[in-house]
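Visitor: I am new to reading helices in a model, and I would like to be shown how to tell one side of a helix from the other.

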Amino acid sequence: MRKLGISVTGGDTPWREQMDLMAEAGFDYTFFDWNADGQTAEWAEYARAKGLAVDSLHAPFGKINAFWEDTAEGEAYYRLMLQIIEDAAKVQINKLVMHTTVGNHPPQTAPLGFVRYRKMCDFATEKGVHICFENLEPFPHLHEIMAAIDDPFHGFCWDCGHNLCYTPHVDMMALYADRLMCLHLHDNYGVTQPGNIDFRDDQHMLPFDGVLDWDWVADKIAKSGYPGPLTFEYSSRTARRHADRPYRDFMQTAMERAQKLRTMVEEKENN
Ligand SMILES: [Zn+2]
């Protein structure tokens, strides 16, 4: 049976308790953000002690736009990414998820950025860490990077919620299913202000609570040949939405939805 994964969320529930409850609910995998306080190893160790494998590490993205710029900030961010790759390798987390832009006004792509992305990916290959570029806003950056990094060691993280609320007109899996290495599954209400796309719509809701066509998602996953876990990405927004009930109850519902999607995917695979 296909494995199931879930992210650590922000919010009031301490991360250890979240991992306890994930394991209790029956999830196989977790993932979380790289931790600037050097706690990545501690989180990974705790997860594994609970029987949770670590699917990936999520890179910070607040300054990612600087990657394209010939500035001290751009250089510092590039060096930080190398550090994060080292940190991931040290604790045997072999996938690092990266955004390629942040916000609605990224700088244009530029040669220096591609040099950095290529060098970073070569370094990651040496360390055994797969870089997974994730879809977000409708900018060409992702597509240009995917074209520039043709080493099959690195690949794509399909975020189906982002596909719905940022780029409903782009079939990301038609473009990158053959390079799929990881999934971020969650729901939302789509683009609520046409012509004014932004993170407001990126709600990170439980599957089947929003308007995403999960039959379509299941079909895309089933046809991709991707063998990895179905991994759900919840955030502090999700935690806030469910703050009126115990985290254990949220986790149980998350498991029910995960199992429902798994059944849909497996039915399609068997047909
Ligand atoms: Zn995501």
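Predicted model: local features only at pLDDT ≥ 70, side-chain atom pairs only at ≥ 80, totals over all residues.

Guide: Residues are numbered from 1 along each chain as its sequence is written.

Visitor: Which residues of helix 3 are buried?

Guide: A residue is buried if 20 or more other C-beta atoms, placed from the backbone, lie within 10 Å of its own, exposed if 12 or fewer, and partly exposed in between. Helices are DSSP runs of H or I with at least four residues, and strands are runs of E with at least two, numbered from the N terminus. In helix 3, the buried residues are G74, Y77, M81, I84, I85, D87 and A88. They lie on the same side of helix 3 because they cover an arc of only 160 degrees around the axis, the arc being that of the directions from the helix axis to the C-beta atoms.

Visitor: What covers the buried residues of helix 3?

Guide: Two residues are in contact if their C-beta atoms, placed from the backbone, lie within 7 Å. The cover includes helix 2, strand 3 (53-58), strand 4 (95-98) and helix 4 (111-127).

Visitor: Which residues of helix 1 are buried?

Guide: In helix 1 (residues 15-25), Q18, M19, L21 and M22 are buried. Their arc around the axis is only 165 degrees, which puts them on the same side of helix 1.
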